[in-house]
Amino acid sequence: MANEEDDPIIQEIDVFLARSLLEKLYLFQYPIRPASMTYDDVTHLSAKIKPKQQKVELEMAIDTLNPNYCRSKGEQIALNVDGTCTDETSTYSSKLMDKQTFCSSQAASNVSRYAAAVYKKGELHLTPLHGILQLRPSFTYLDKADAKHREREAANEGGDSSQDEAEDDVKQITVRFSRPETEQARQRRVQSYEFLQKRQAEEHWVHLHYYGLKDSRSEHERQYLFSQGHGLAENTELIKSPSEYLMMLMPPSIEEENDKPMAPSNVLSMAQLRTLPLADQIKILMKNVKVMPFANLLSLLGSGTDATAVLRCVQQVALLVQGNWVVKSEVLYPKDTSSPHSGVPAEVLCRGRDFVMWKFTQDRWVVRKEVAAVTKLCPEDVKDFLEHMSVARINKGWEFMLPYDEDFVKKHPDIVQRQQMLWMGIQAKLEKVYNLLKEHLTPKKQEAQSAHPLLVSGEQRVNMAKAKVKQNYGQLEKEFQKQKAEMKSNDASARTDVPNIRIKEEPVSVEEPMDTSAHEGLNNGLVNGLHTAQASMDPVNGHLPGGCIDRVAQELKAFVSSTFKKQFVLTLSELKRLFNLHLASLPPGHTLFSGISDKMLQDMVLDTGCKQILVPFPPQTAASPDELKVYALWEAGDTYDQHRQVLLEIFSKNYRVRRNVIQNQLSQECGEDLNKQEVDRVLKDCCVSYGGMWYLKGTVQS
């Protein structure tokens, strides 16, 4: 309180925010000059600017009549720069250094905290600065003088030679074709100093007109430094509560600009992003992410964002593919650009990428070779297209990276219909450009029709099969309980009506015990959904449950046998996936719906003549336990059994093997007359190649 009394308020000044020169006002900082000479007295001959780089060059006249000006030095500099001849290209037409060039550099990257203030009639008017530029003398005329000097020396050396000197011998020129530039090399080239300097040099200078301090145009422009409003009602930025104003003066966390890490010029933080208009925010997000569900896009834009406005903006920069939004090709490949790999123009790249996007509207999977064959683009460009929106799967192709967004499709049927019409138009253009065949236009048949026109993913099909199994299991359980109750009631009535009837019991021979070893562990102790102890006591329709067990074992054995004769090598994970797909294709009420345990499936694999291959996986593998269990058909009954057995023995000692090792081992074990076709056949049955190495099927993903 004592300090406040000692420092009373003398005057209150109204503060106004001027907007007329909001993005046009620059502050120029000149070098220090003698106090007797101000920059207002200097004549500005010309000025030019590069707006994107915020770079300015000013040309000012030098007072050659000033007593401090050294005339002899000025004449010497003009002679070194222009020589003895004077023409329009001369830097100093008066044969005297009578002007000097100043070039600018940015003094601060963030000028949002600076403003120009004008005080008039008890009012303070603030205009935010758009840039602060420091002007320093430019000595490019010295470079020109050095170039003139080198030309004169070259001319003097050339003058001593005889005119009868023979012409230079013809030199052989070697023409070399450079390799296609990789993505890593392109990024290094774009970030290099030479490339940045070249880009800066490509921007054209914009010539400006300079008006002096006392010019009427300058006086007119100075009026824009004052706020055009007549009250605080129009300057809402300055109407803040005390707490908000205190927060602006003292933010919670203050970091010095020098302590902040330097980020690339094309990277924006989320705080900077949210200061942009909504359309620009969505365009930047989609350009960087490329594929995004609508819910994720809303969460990135922050709470309180209007979903309708987001839908309207996202349709301008993205297309709907499988319920998700994929950025448009023309956003990634603007006009007048080309491919960094092949130099193909942006128009051709957009058509090729649109073809990939359209293929994903028809199917979950896309084959890279098919895309390359249709679009006739280089493999690097096709790979870029696929990596934007899909994930590579070994021996399967490229799968769309996001699951089908059924929630968005149900909530916005009008958007979906509009996007389908757009895709119909794109398809018509692609048909004309690529002459698409009928096989390209017809999507693959679906096993089960869904609410959307796309194929169901493998995970969804497995879940559908499991749900179907549970449903059928519940129905079978109810029917069995009903039959069991009826048989118990019939048995009780038979005992009361015919008490003297006895059933002849046949003794069981000790020498011929019942063989149940093949079915031990069936269903984890379950037979048609009942425990074996209970099933052994109660008959079903007059037959023992063992008959049902035999049918289940026969069906399972037939499936396992036929599967391994086609695949030869399978992991337990892949075998379970194929079995679930097999269940999905069976009719309701099939015996295999009784429930098959993992143990029974593995036991049946061993019973059909297969062996488990103990592959020495690397310690750092991230594979699941089911992916670590590898089974192979040991004897198929053909001429290649011995070759496959030798190959499997190799992979029981090595996780991955080179082809020459396999070739040598097969030659030693199976004879020297082994040809390439036989080796290829064995490798095709059991292995897959990846990165120049050979792996057993299903193990490369680990």
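A crossing of two helices is called left-handed if the near helix is turned anticlockwise from the far one by less than a right angle, and right-handed if clockwise. The model treated here is predicted, so that local features need pLDDT of at least 70 and side-chain atom pairs count only at pLDDT 80 or more, while totals for chains, interfaces and linings use all residues. Residues are numbered from 1 along each chain as its sequence is written, and side-chain values use heavy atoms, with hydrogens and water left out.

**Exercise 1. Describe how helix α25 packs against helix α26.**

Solution. Helices are DSSP runs of H or I with at least four residues, strands are runs of E with at least two, and both are numbered from the N terminus. Step one is the geometry: the axes of α25 (residues 641-651) and α26 (residues 659-670) come within 10 Å and cross at roughly 130°, where axes are lines fitted to C-alpha atoms, for helices over the stretch in contact, and angles run from 0 to 180 degrees between N-to-C directions. Step two is the class: α25 is therefore oblique to α26, given that angles under 35 degrees count as roughly parallel, over 145 as roughly antiparallel, 65 to 115 as roughly perpendicular and the rest as oblique. Step three is the hand, and α25 passes α26 in a right-handed crossing. Step four lists the contact (heavy atoms within 4.5 Å): from α25, Gln 642, His 643, Val 646, Leu 647, Ile 650 and Phe 651 meet Ile 662, Gln 665, Leu 666, Glu 669 and Cys 670 of α26. These residues divide into seven nonpolar, three polar and one charged, where Ala, Val, Leu, Ile, Met, Phe, Trp, Tyr, Cys and Pro count as nonpolar, Asp, Glu, Lys and Arg as charged, and the others, Gly among them, as polar.

**Exercise 2. Repeat the analysis for α26 and helix α27.**

Solution. The axes of α26 and α27 (residues 676-686) come within 11 Å and cross at roughly 115°, which makes α26 roughly perpendicular to α27. This crossing of α26 and α27 is right-handed. Arg 659, Ile 662, Gln 663 and Leu 666 of α26 meet Lys 676, Val 679, Asp 680 and Leu 683 of α27, and by class the contact has four nonpolar, one polar and three charged residues.

**Exercise 3. Determine the strand order in the open sheet that contains β13, β14 and β15.**

Solution. Two strands pair if DSSP finds at least two bridges between them. The three strands have the order β13-β15-β14, with antiparallel pairing. β13 (365-366) and β14 (390-393) stand at the edges with a single partner strand each, so one side of each is left without a neighbour in the sheet. Two bridges join β13 to β15 (residues 397-400), and the bridge partner of Trp 365 in β15 is Glu 399.
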